[in-house]
Amino acid sequence: MSKVKHNDLLTIELLDINSRDSIANISKEVGISKQAMISKIQNLEKEGFCQFVPVIDYFKLGYHNIHIYLKLQGMGREEYLEKIRLLEKIKNITWLEEFIGEYDLAISVFYNSIKDLYNILDKVYYSFKDSIREKELHFIYEHIIKNFSFGLTDKKIITIVKEKDCLFSPSKMHKKILDLIKSNGRFSYVDLVDKLKISYQQVRYHIKKIEEQGMILRYKSIINYNKIGYHHYICILKTVPGRNIDIVLKELKLNNLIPFISITLENNVILDFVCESHDELKDFLDKLKSKYAKIIEEFKILNIKNLIKLDYLID
């Protein structure tokens, strides 16, 4: 059961559809004044219910993505936290998350060469050394990003980000802008003018070019589902080698409780699932596996315990 008010949930849902939507539009849909909406958005972000971000196509910028899942053993809490602090400082590690389940820790790494990848993996493995009981690596070639629905609107936005042969090299100014807005999807043009020391018209021109060139695909919210009162899981679906998974993906895309799907080079599927109870998830996965028994071999469930790091890489 949600811990927040209906108006707050509706606001979060609308901002997940477009986190740069105008105050006038959002306040009209929610049914409150513009000033009240300004305060509401500020409070939701300040209290950690959501964060507003641009969806940046890192594949287009020449990066590749790998997920690392670790099961750890024989490590005290203080030693563990010390290792985590070291990992947080590695800029190519954009996501660190703790779990309850078959793995304890997940690490997302963006890299632009095999050499970079090996260097980062060496740092991760050296940090934990003999404490790694089990590990699982997934090379990601496609992300499917959806808006999450609390059932308050019927709008659906699906953004697909996948590995590309045709890469794009942004200008120095575009890199500066991306770095400034990468964790602030509701950025102010006035603030950018002040920080970049260029005119308002130039800022608007550069933002438009970045969007037109596909470096930014849309603007959305990163929602703290646990804080709202929902359970947030990562599910790893292992598929039968050589099987076409399109029919499974089609069903996953239609499910409002799945805001994020990743597809690996091995054709396995990693998905986020948000629900009010573990039984709801287990029932969904059991039915999915039964329905597509010739495609899905097994699944693993990871209950998200704590988001340690969520950052965005602009080199």
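His278 counts as partly exposed, at 37% relative accessibility; buried means under 20% relative accessible area, exposed over 50%, and partly exposed in between (1.4 Å probe, protein chains only). The model is predicted, so local features need pLDDT of at least 70 and side-chain atom pairs count only at pLDDT 80 or more, while totals for chains, interfaces and linings use all residues. Residues are numbered from 1 along each chain as its sequence is written, and side-chain values use heavy atoms, with hydrogens and water left out.

**His278 and its surroundings**

- His278 is found in helix 11 (residues 278-291); helices (H or I, at least four residues) and strands (E, at least two) are DSSP runs, numbered from the N terminus.
- Leaving aside neighbours within four places in sequence, His278 is in contact with Tyr233 and Ile301, where contact means heavy atoms within 4.5 Å.
- The C-alpha atoms of His278 and Ile301 are separated by 9.7 Å, and the two residues are 23 residues apart along the chain.

**Strand pairing**

- Strand 8 (residues 231-239) and strand 11 run antiparallel and are joined by seven bridges; two strands pair if DSSP finds at least two bridges between them.
- Tyr233, a contact of His278, stands opposite Asn303 in strand 11.
- Strand 11 (residues 296-310) is also joined to strand 3 (residues 93-101) by seven bridges, and these two strands run antiparallel.
- Trp95 stands opposite Leu310 in strand 11.
- Strand 1 and strand 7 run antiparallel, with seven bridges between them.
- Arg218 in strand 7 is the bridge partner of Val55.
- Six of the eight residues of strand 7 (residues 216-223) are buried, so this strand is largely enclosed by the rest of the structure.

**Helix 3**

- Helix 3 (residues 34-46) has 13 residues and reaches 18 Å from its first C-alpha to its last, close to the 18 Å expected at 1.5 Å a residue; the expected span is 1.5 Å times one less than the number of residues.
- Its buried residues are Met37, Lys40, Ile41 and Leu44.
- Seen down the axis of helix 3, these buried residues fall within an arc of 95°, so they line one face of the helix; the arc is that of the directions from the helix axis to the C-beta atoms.
- The face of helix 3 turned away from its buried side carries the exposed residues Gln35, Gln42 and Lys46.
- Helix 1 (6-17), helix 2 (23-30) and strand 1 (50-56) are among the elements that cover the buried residues of helix 3.
- Gly48, which follows helix 3, has a positive phi, near 85°.

**Aromatic rings and charges**

- The whole structure holds twelve aromatic pairs; rings of Phe, Tyr and Trp (its six-membered ring) pair if their centres lie within 6.5 Å, and planes under 30 degrees apart count as stacked, over 60 as edge-to-face and the rest as tilted.
- One of these pairs is Tyr58 with Phe110, which is tilted, at 5.1 Å centre to centre and 45° between the planes.
- This pair links distant parts of the chain, 52 residues apart: Tyr58 is in the loop between strand 1 and strand 2 (64-72), and Phe110 is in strand 4 (residues 105-111).
- Tyr58 is buried at 7% relative accessibility, and Phe110 is buried with a relative accessible area of 10%.
- Phe148, Phe150, Tyr225 and Tyr230 form one aromatic cluster.
- Lys135 lies over the face of Tyr125, at 5.2 Å from the ring centre; a charge sits over a ring if NZ of Lys or CZ of Arg is within 6 Å of the ring centre and within 35 degrees of the ring normal.
- Arg204 lies over the face of Tyr189, at 4.8 Å from the ring centre.
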